[in-house]
Amino acid sequence: MSSRVMLRLLGSPSGARGAYKVLCGGAHRGRLVWRPLSGQAGDTPRLSYMHMPGSDPLLYLSLGQLVERTALQHGQREALVAVEEGVRLTYQQLLEKADRLAAGLIRLGLQPGDRVALWGPNSWRWIVTKIALARAGMVSVDMNPMYLEPELNHCLSLARVAAVVAAENHRGVDFHGLLCNVVPELPRSDPGTIRSAALPDLKVVVTMADSAKPGCFNFDEVLSSTSAEEVAELQALSRTVCPDSGSYIQFSSGTTGKPKAIVLSHMSVVNNGYFNGKRFGMHEKHHSILLQNPLFHVFGSVVVLSAVLNHSATLVLPTVGYDPAKSIDAALAEQCSVMTGTPTMYVDLVGAVEKKGARMDSLDLAVTGGAPITPEFVRRMKSTLGVKRICSVYGLSETTAVVFQGTKDDTLEQTAATVGRLCENIEAKVVDPDGNMVPFGTPGELWIRGYTNMLEYYQNEKATRETLVNGWVRTGDKFVIHEDGFGRIVGRLKDMVIRGGENIYPKEVEDILTTHPDIAEAEVVGVPDERMGEELCACLKVRDGATVGSIHLRQFMDGKIARYKIPRYSITLPDFPKTQSGKIQKFKLRETCVALLSQGKLDDSRKSQK
C-alpha cells in the first residue's frame with residue numbers, strides 16, 4: 001500500500017492543501033497524520049521522492065534466453081577473452097559450451113530449480129558455468145573464492161545446495177581439500193553418490209581441475225559427455241525458464257557479520273545490466289571491457305557481465321585473480337575501451353602505471369563503485385590512465401546491483417562528491433527513523449523500489465521482512481537526494497558513532513582526512529569511552545615514509561570540521577580488512593581498535609598533548 005493515502009484535500013484546520021499520511025514505521029506505524037502537499041501553502045519543502053521512468057521497456061527474458069538472443073545476433077563476435085588462460089570464445093562458442101555443460105549437469109541428475117554453488121576465481125569456466133545454470137533453470141550460488149571452512153560451511157548449508165562446481169585452487173586455497181573438511185564423506189564416495197550429514201541436499205561435486213579428484217566429476221568430461229539430443233532438450237527447456245524466477249543467490253558481503261543469501265531474479269539481473277550498460281554508452285559502439293572485480297560479486301556478474309551480454313560487448317579477464325600489472329598489460333594488448341574496479345583497485349592501478357611508465361590512451365570509461373573517491377584522485381586517474389570519463393555507481397546486492405549511476409555530463413566535482421542520478425525504471429525515497437520522507441537535501445535512510453528488488457533472503461523470513469517493507473528495499477544507507485537528482489552517500493546507519501549524544505557519520509570525517517597529503521586511505525570507527533559513550537578513532541594508511549600522529553591530525557583538521565568530530569585516537573595500519581569485492585570490513589577494524597584501546601596502544605591526542 002502506498003505510504004500516502006489521499007483521504008481529504010481540504011481538511012486541515014487552517015484550510016491548507018494537504019493529505020493524510022500513514023506512518024510507515026517506528027512506534028507510530030499505522031497512525032494517520034496530516035502532511036501539507038509539497039510546494040503548496042507555507043512554502044513547505046519538497047520531499048525526497050524520485051521516480052526515473054524508463055527510456056526503453058523492461059526486457060522479459062531469463063539470463064539464458066538473453067545469451068541465446070545475443071548469440072543469434074552477433075554469433076561470430078568475441079564474447080570473452082581470458083588472457084591468462086589463453087582462451088578466446090565467440091558468442092556462438094560460449095552458448096554452445098554453456099548448453100553442453102547444462103545438458104551434462106541434467107544428465108547427472110540435477111533439475112531446474114536446484115541450487116548449484118559456483119566456487120572459484122574469475123575464469124572462462126566460471127562464466128560458462130554461470131550461463132549453463134541459467135540455461136538449465138538452476139539457481140547459481142556464487143561463492144567467494146577466499147572462503148575458508150567456516151564461511152564455506154555456513155554458505156553451502158544456508159543455500160541448501162544440490163551441487164558444487166569448484167575450481168582446483170586459488171591463492172593457496174585448495175578447494176577440494178576444504179570441501180572434504182566440510183563433507184568428510186566426499187573422498188570416500190563415488191561421483192554422484194554423496195550422502196552428507198552436514199549437507200543433506202548435496203548430490204554432485206564437479207571439479208574444474210585437470211586431474212581427477214576423489215568423489216568428483218570432471219568439468220571437461222561433463223562438458224563433452226552430452227549427445228545432440230540432450231542438448232536439443234536443454235535448449236527447449238531454456239525457453240521455458242520464467243524470468244521472474246530466481247537466477248542466482250548472492251551472499252551479502254559480510255561487512256557487518258555472517259553473510260545472508262540474497263535471491264535475485266533473472267529479470268532483475270538482465271535489466272540491470274541492460275540499463276547500466278546503456279548509461280555507460282555501451283550501446284553506441286562495440287566495447288572491450290576489462291574486468292578487475294571478482295565475478296562472484298554483483299559488480300562483476302551484473303554491472304559488468306550482464307551489461308556485456310546485453311550490449312554484445314567483449315569481456316576481457318586479465319587474470320584469474322587480481323594483479324594490477326597484468327591488468328595494464330591486458331588493457332594495452334586488447335585495446336580495452338572500458339575498465340572496471342573498486343577505488344582500492346584504481347589506487348593500485350595508478351601506482352602500477354606510474355611505476356611501469358606505461359601510456360594508456362584507449363580508455364573511454366572507467367567505472368568505479370563500492371566506496372567513495374576524492375576529487376583529487378579523479379584528477380589523478382584521468383591524467384595517469386588517460387581515461388576520458390569516470391563513472392561512479394551505487395547499489396547493493398539487495399537491489400540487484402546499481403540504482404544510482406553517473407552520466408557522461410557529470411562534472412569532476414559531481415563524479416567525486418555524488419553517486420550520480422537515479423537509474424531508469426526505479427523509485428527512490430529518503431526517510432526518517434519512522435519511515436516518513438524527509439525534504440530534499442536532508443539525510444535519512446535510502447529506500448528503493450522497482451524491478452531491482454531482491455526476491456528474499458533465502459531461509460531468513462525475519463531479515464526479509466525487515467528489509468522488504470511495502471515493496472521497498474531498506475538499504476541501511478544514510479543518504480541524501482538533492483533536487484537536481486544527484487544522490488550522495490553519507491554513511492551506513494550502523495556505522496554512525498554517537499559521541500556525547502552527537503550523531504557523527506564517519507564518511508564526513510574520512511573525506512577531510514583523505515585531503516591530507518600523507519594519507520592514502522582513511523576509515524573512522526567508534527571505540528567505547530566511559531564518559532562520552534564513544535570516541536572516534538582514525539585508521540590510516542599513509543604514503544611510503546610518512547608518519548601521521550593523532551596530535552598532528554587534530555591540528556590539520558582544526559577549522560575544517562566541528563571539533564567534536566575530530567578523532568581523539570588514531571592508528572596507522574599497513575592495510576585494511578576487506579571483503580573479496582574490495583569493501584572495507586569496518587566491524588573488523590572496530591574490533592582491532594577496541595582491542596588496541598584496551599591495551600593502551602592507540603595514539604591518543606590528549607596524552608600526546610601532555
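Predicted model: local features only at pLDDT ≥ 70, side-chain atom pairs only at ≥ 80, totals over all residues.
## Strands β4 and β5

Strand β4 (residues 78-82) and β5 run antiparallel and are joined by 4 bridges; strands count as paired when DSSP finds at least two bridges between them. Helices (H or I, at least four residues) and strands (E, at least two) are DSSP runs, numbered from the N terminus.

Residues are numbered from 1 along each chain as its sequence is written, and side-chain values use heavy atoms, with hydrogens and water left out.

## The sheet they belong to

Zoom out and you get an open sheet of 9 strands with mixed pairing, in the order β5-β4-β16-β15-β17-β18-β19-β20-β21. At the edges stand β5 (87-90) and β21 (421-422), each with a single partner strand, so one side of each has no neighbour in the sheet.

Further along that order, β18 (residues 365-369) and β19 pair in the parallel sense over 5 bridges, with Cys 391 of β19 as the bridge partner of Val 367. The pairing of β19 with β20 is antiparallel, over 3 bridges, and Gly 395 stands opposite Val 402 in β20. The β19 and β20 hairpin has 6 residues between the strands, and in it Thr 400 takes a positive phi near 70°. Strand β19 (residues 389-395) is mostly covered, with 6 of its 7 residues buried (buried means under 20% relative accessible area, exposed over 50%, partly exposed in between, using a 1.4 Å probe and protein chains only).

## Helix α1 against α2

The axes of helix α1 (residues 63-74) and α2 come within 8 Å and cross at roughly 145°. Axes are lines fitted to C-alpha atoms, for helices over the stretch in contact, and angles run from 0 to 180 degrees between N-to-C directions.

On the α1 side, the contact is made by Val 67, Glu 68, Thr 70, Ala 71 and His 74; on the α2 side, by Tyr 91, Gln 92 and Leu 95. Contact means heavy atoms within 4.5 Å. Sorted by class, you find 4 nonpolar, 3 polar and 1 charged residues (Ala, Val, Leu, Ile, Met, Phe, Trp, Tyr, Cys and Pro count as nonpolar, Asp, Glu, Lys and Arg as charged, and the others, Gly among them, as polar).

## Aromatic pairs

Searching the whole structure turns up 7 aromatic pairs. Rings of Phe, Tyr and Trp (its six-membered ring) pair if their centres lie within 6.5 Å; planes under 30 degrees apart count as stacked, over 60 as edge-to-face and the rest as tilted. One of the pairs, Trp 124 with Phe 219, is edge-to-face, at 6.2 Å centre to centre and 85° between the planes. This pair links distant parts of the chain, 95 residues apart: Trp 124 is in helix α3 (residues 124-135) and Phe 219 in helix α6 (residues 219-224). Trp 124 and Phe 219 are buried.

Then there's Phe 404 with Phe 479: the ring centres are 5.0 Å apart and the planes sit at 50°, so the pair is tilted. Again distant parts of the chain are linked, 75 residues apart, with Phe 404 in strand β20 (residues 402-405) and Phe 479 in strand β26 (residues 472-481). Both Phe 404 and Phe 479 are buried. Elsewhere, ring pairs link Tyr 274, Phe 275 and Tyr 451 into a cluster.

## Strand β23 and its partners

Strand β26 also pairs with β23: the two run antiparallel and are joined by 4 bridges, with Arg 474 in β26 as the bridge partner of Trp 447. Strand β22 (residues 426-431) runs antiparallel to β23 as well, joined by 6 bridges, and Ala 428 has Ile 448 of β23 as its bridge partner. Of the 7 residues of β23 (residues 444-450), 5 are buried, so the strand is largely enclosed by the rest of the structure.

## Ser 265

Ser 265 is found in strand β14 (residues 261-265). Is Ser 265 buried or exposed? It's buried, with a relative accessible area of 5%. Leaving aside neighbours within four places in sequence, Ser 265 is in contact with Pro 243, Asp 244, Ser 245, Gly 246, Ser 247 and Leu 455.

## The four-strand sheet

Another open sheet with mixed pairing has 4 strands, in the order β30-β31-β32-β33. Its edge strands, β30 (519-529) and β33 (603-604), each pair on one side only. Helix α15 (residues 506-513) packs on this sheet, touching β30 and β31 (533-542), and its direction makes about 140° with that of β30. At the other end, 2 bridges join β32 (residues 569-572) to β33 in an antiparallel pairing, and Tyr 569 stands opposite Asp 604 in β33.
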